[in-house]
Structure formats: structure tokens, C-alpha cells
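Sequence and structure are shown first.

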Amino acid sequence: MRQASFSFISICLGLTLALLLLEGMLRFLPVNEGARPQAVGPDQPVRRLEPNRTFLWSKEWNFRIINTVRTNNYGFVNDQDYITTSSSPLLALIGDSYVEALMVPFSDTVAGRLATQTSPTERVYSFGTSSSALGNYLAYADHAAKVFHPDAMAFIIIGNDFDESLLKYKNEPGHHYFVDDAVGTLALHRIDYRPSTWRTMIRNSALVRYLTLNTGILDTLLKWQHLPFGRLSDMSSFAGNTSTQSDQPRIADSERAVDAFLEKVSTMSKLPPDHILFVVDGIRPHLYHSSTLQFVTGSYVDRMRRYFIDQARERGFEVVDLQPRFSEHFSTHQRRFEFQTDNHWNALGHEVCADAIRQSSVYRQFQTLAR
């Protein structure tokens, strides 16, 4: 009995020592420090990050992507603080992780490029956090309209924004989703979120952050996210950040979400349709080759992109489709718009998107307000 106890204690001490050594070593490496989402509830109805914070963001076990991120006074990733009392023209840029863009220096993002290229009398504020979809976009539009009163809005639309806007398909705390109300129409529902004491404690551990944020091992084990986009093994299963499966119930549900979003967006943003711009991502990585692009023709993302674009334009909104812009640029320069191990836009993707926004009627109309 004494021998067994001694062996058990020795094993525990050895494991503890090994973990402490790993913890100490990782503290000298660029481990992802985490974005730290704040509580969402009646007093704070939209998802934001810890404000006024500069932190290190990295991805992959070997830290292939490293970036320094700053959150402003309102908890959004932006190098400029937001002012509520200014009367200068304001463009609100709304979206998900493509607007938040943790993996790209702010000056290279869509928001950063637009902000630096506007006149001193114009403002561009970004409102976006990871995992957001159409429901959250409405919440951000409503929040921006009430607090900052923008003169125009631009929404970045990604391939997984459609079905993931429904509580039926996703239910991550801190976000807004569409649910059927008592009369069978889609209403917006918020799932409140409060960081647990345990989460607050373990985020101080470099080892825990490395395993969860850099390697993604827990996400894989718990099946919280799909395999990395863009790998050859995934080309037949995923396109445009979502599954290629186009079963009719999923299509019908997604079309309902699009209709509900388009019906509410003008009211919640307090802007007429001609002051609202939608920028729709291309089907990446399939758009780089005619054979792979042909493969996803008629897939879920292809059908939903077409449906969203047609319905938005029919309702009087301006839509910029990045698909032809990406295809033309790649044909000329042979440069991809996402990272090798991450399907988010790289600096070039953000550049093409920012250029497309600047050429839009909504943006040119916004600029005239400062003259």
C-alpha cells in the first residue's frame, strides 16, 4: 500500500513539474492571449470585447499567424476611439470576424483602410465580432443607430451568415438569432452571456490558451468547429465558410432568415435602403480554378449568395459581389485572398474589399456629406 502511494505521488509530482515547465516555456512564446468577450445582457445588449486593451493574437501550434490587436473605448477592434458627440459624417462597417479581423494589422483591414483614406471630416467605425451572423448584424445596426447615428452602413456578408442566423442551427451565448414567434414569423432573440469564474481563471494560463486557442485541440474534440478550410480533403465538403450540403429544409430556412433580415435592416439602422451597402464574399477557395468553381455551382453557398443578392437588390439596396472582383484580380496577379491555414481574408482580401466599398454609390454619397 505504501509502495503504491509513493508511486502515485511520484507520478503526480512528475506530471505537475512537466506542466509547470510547459507553462513557463510557453510564457516566452507568442501564445494567443484571447479576445475576452464581455458579458451580454439587458445592460449591454451587443457582443463586445474587453475595452482599451492591447493583446497578442496568434494561430496554429507553430504561431504561423501573429498579430497585435487593440480594442478601443467601446470594446471593438479599432485603433481609433469612438465619439458619440461628433456631428461629422459616419459610416458604420458591420460584420463578423471579417470586420473584427484579429489576424490582420488594423491598418490593413477594411475598416483601417477606409478610415485612413477618408477626409478628416469623415469617420468610419467598425462593429463586428467573431461568430456573428445576420441576427447580430441587426443588433449592431440598432446599437450603432441609437448611440452613434451613422449616415451610412456597409455590411460584410459571408457564406455562413444565412443558416447560422437561426437558433435552429446555432446557439452560441452572446449572440442574436432568429426564432419563430407565436404567429410563425422570425423574431430576433438574444442569448445572454456572462464569462464564468472558471474561464476568467484559466485564461491566465499560457498552456491552457495554447491548447485551446492555438492548437484548437478542444474545439476538435468537442466538434465545435469544422476542419480547416481550404485543404484538399475539405474541398468537396465546404465552400465559402460553410457546408456545401444544399438540402431543401436548410435552403428554405436560410431564405427565411435572409427575408427577415432584409425586412428589418432599414428600420433597425434608421436608414433608407440607398444608404445601406451589402458586400458579399466570393466562394473561396474554389473561385481560383474553373474546375473547383464548377463543382460548387448549385451548392448551398452558391444558391444562398444568389438569393441574398437578388432579394437585396429587389428591395432597393446596393450590393457589391466580390466574386468577380476576386476572380479578375487572381487571374491577373495569381495571389490568393486568404491565409494558407486560415480562410479569413489576408491583407490583400481586405484591400480588394475596401476598394470595392470606395467605388460604391453608398460610399460616394457618404463622402458628399463632408463637402
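In which strand does Trp 57 lie? In this predicted model, Trp 57 belongs to strand 1, which covers residues 53–59.

The relative accessible area of Trp 57 is 10%. The cut-off for buried is under 20%, so Trp 57 counts as buried. Apart from neighbours within four places in sequence, Trp 57 is in contact with Asn 32, Ile 65, Ile 66, Asn 67, Val 69, Leu 102 and Met 103. Asn 214 is 157 residues away from Trp 57 along the chain, and the C-alpha atoms of these two residues are 9.3 Å apart.

Asn 52 sits in the loop between helix 1 (2–26) and strand 1. Phi of Asn 52 is about 50°, a positive value although the residue is not a glycine. Phe 63 is placed in the loop between strand 1 and strand 2 (65–71). Phe 63, also a residue other than glycine, has a positive phi near 60°.

Is Asn 52 buried or exposed? With a relative accessible area of 54%, Asn 52 is exposed, because the cut-off for that class is over 50%. Phe 63 is at 13% relative accessibility and therefore counts as buried.

**The loop between strand 2 and strand 3**

Asn 78 is located in the loop between strand 2 and strand 3 (90–95). Its relative accessible area is 0%, so Asn 78 is buried. Which side chain forms a polar contact of 2.9 Å with the side chain of Asn 78? The partner is Ser 126. The side chain of Asn 78 also reaches the backbone nitrogen of Gln 80, at 3.1 Å. Neighbours within four places aside, the residues in contact with Asn 78 are Arg 70, Thr 71, Asn 72, Phe 106, Val 124, Tyr 125 and Ser 126.

Ser 87 is found in the loop between strand 2 and strand 3 as well. Its relative accessible area is 75%, and Ser 87 is therefore exposed. From Ser 87 to Val 362 there are 275 residues in sequence, and the C-alpha to C-alpha separation is 19 Å.

Asp 302 lies in helix 10, residues 300–314. The relative accessible area of Asp 302 is 7%, so this residue is buried. The side chains of Asp 302 and Arg 306 are joined by a polar contact of 3.0 Å. Not counting residues up to four places away in sequence, Asp 302 touches Ile 283, Val 296 and Thr 297.

Which peptide bond is cis, with omega near 5°? The bond is the one from Arg 284 to Pro 285. Pro 285 has its place in the loop between strand 10 (276–280) and helix 9 (290–295).

**Two helix pairs**

Two packed helices are described by the angle between their axes and the distance between the axes. The table gives these values for two pairs.

| Helix pair | Residues | Angle | Axis distance |
|---|---|---|---|
| helix 4 and helix 8 | 134–147 and 248–269 | roughly 5° | within 9 Å |
| helix 11 and helix 12 | 322–333 and 347–358 | about 125° | 11 Å |

Angles under 35 degrees count as roughly parallel, so helix 4 and helix 8 are roughly parallel to each other. On the helix 4 side, the contact is made by Leu 134, Tyr 137, Leu 138, Ala 141, Asp 142 and Ala 145. Helix 8 contributes Ala 257, Val 258, Phe 261, Lys 264, Val 265, Met 268 and Ser 269. The residues of this contact of helix 4 with helix 8 divide into 10 nonpolar, one polar and two charged.

How are helix 11 and helix 12 oriented to each other? Their angle of about 125° makes helix 11 and helix 12 oblique to each other. The crossing of helix 11 and helix 12 is right-handed. Leu 322, Arg 325, Phe 326 and His 329 of helix 11 meet Leu 348, Gly 349, Val 352, Cys 353 and Ala 356 of helix 12. Six nonpolar, two polar and one charged residue make up the contact of helix 11 with helix 12.

Technical notes: Residues numbered from 1 in each chain as written. Predicted model: local features only at pLDDT ≥ 70, side-chain atom pairs only at ≥ 80, totals over all residues. Heavy atoms only, no water. Helix = DSSP H or I, 4+ residues; strand = E, 2+ residues; numbered from the N terminus. Buried < 20%, exposed > 50% of the residue type's maximum accessible area, 1.4 Å probe, protein only. Polar contact = N/O pair within 3.5 Å; in protein donor to acceptor, adjacent residues only side chain to side chain. Contact = heavy atoms within 4.5 Å. Axes fitted to C-alpha atoms, helices over the stretch in contact; angles between N-to-C directions. Parallel < 35°, antiparallel > 145°, perpendicular 65-115°, else oblique. Left-handed = near helix turned anticlockwise from the far one by under 90°. Nonpolar A, V, L, I, M, F, W, Y, C, P; charged D, E, K, R; others polar.
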